[in-house]
Amino acid sequence: MSARWGESWVDVALVKAGRTKIRYPAAVVADDGTRITVRAPWAGEDVKDFGFVRFEPGDVFTEHYWRDRWYAVKEVRAGDGTLKGWYTDITRPALVSRDELVVEDLDLDLWVSADGTLVLRLDEDEFAASGLAERDPRAAEEAERALDTLELLARQGRFTRLLE
């Protein structure tokens, strides 16, 4: 990883359907060889209003990626530090090199509100339309299993244990 201002940094690349959807620099918070945690400001240029949460300039994302799990968990905080919740991308396991972290987005997502009362499965229609189940049945099964597991943990109030 390259060093800037005394910290380690990586470029995070989110790939979808073979193309880089977004790329941004992030400070490495921790890396135990299995999970790498990075922190970065909201990488979008504008506000993204999902209806249940708004991502906006000033928000800070603490992102947890695993080299052996089929998801990435992003803790989202407002600029003043207020927890908004957790946005989880269902992905292939992260590929981490010296200065880059690459994850392949498999379309499914999960939102868990800060108080844990709102748990939403997202983009299941996109997942079905992606054709992944036909192209790579194992990956589709892993993705669906990951989403089911995360939703169950969230509904049982045990979601944040993933991050301990």
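**Close-up 1. Asp 107 in strand E11.** Asp 107 is placed in strand E11 (residues 100–113); strands (E, at least two residues) and helices (H or I, at least four) are DSSP runs, numbered from the N terminus. The phi angle of Asp 107 is near 80°, a positive value in a residue other than glycine. Asp 107 counts as buried because its relative accessibility is 10%, where buried means under 20% relative accessible area, exposed over 50% and partly exposed in between (1.4 Å probe, protein chains only). The model is predicted: local features need pLDDT of at least 70, side-chain atom pairs count only at pLDDT 80 or more, and totals for chains, interfaces and linings use all residues. Residues are numbered from 1 along each chain as its sequence is written, and side-chain values use heavy atoms, with hydrogens and water left out.

**Close-up 2. Ala 17 in a loop.** Ala 17 lies in the loop between strand E2 (7–16) and strand E3 (19–31). Its phi is near 55°, again a positive value in a residue other than glycine. With a relative accessibility of 73%, Ala 17 counts as exposed.

**Close-up 3. The ring pair of Phe 50 and Phe 55.** Searching the whole structure gives 11 aromatic pairs. The ring centres of Phe 50 and Phe 55 are 5.1 Å apart and their planes stand at 70°, so this pair is edge-to-face. Rings of Phe, Tyr and Trp (its six-membered ring) pair if their centres lie within 6.5 Å; planes under 30 degrees apart count as stacked, over 60 as edge-to-face and the rest as tilted. Phe 50 is partly exposed, at 28% relative accessibility, whereas Phe 55 is buried, with a relative accessible area of 3%.

**Close-up 4. The ring pair of Phe 50 and Tyr 87.** The centres of these two rings, Phe 50 and Tyr 87, are 5.8 Å apart and the planes are at 35°, so the pair is tilted. Phe 50 sits in the loop between strand E5 (48–49) and strand E6 (54–55), and Tyr 87 in strand E9 (residues 83–91), so the pair ties together parts that are 37 residues apart in sequence. Tyr 87 counts as buried, at 11% relative accessibility.

**Close-up 5. The aromatic cluster.** Trp 42, Phe 50, Phe 52, Phe 55, Phe 61, Tyr 87 and Trp 111 are linked into a cluster by ring pairs.

Close-up 6. Over residues 45–150 the chain is 24% helix and 44% strand, with the end C-alpha atoms 29 Å apart.
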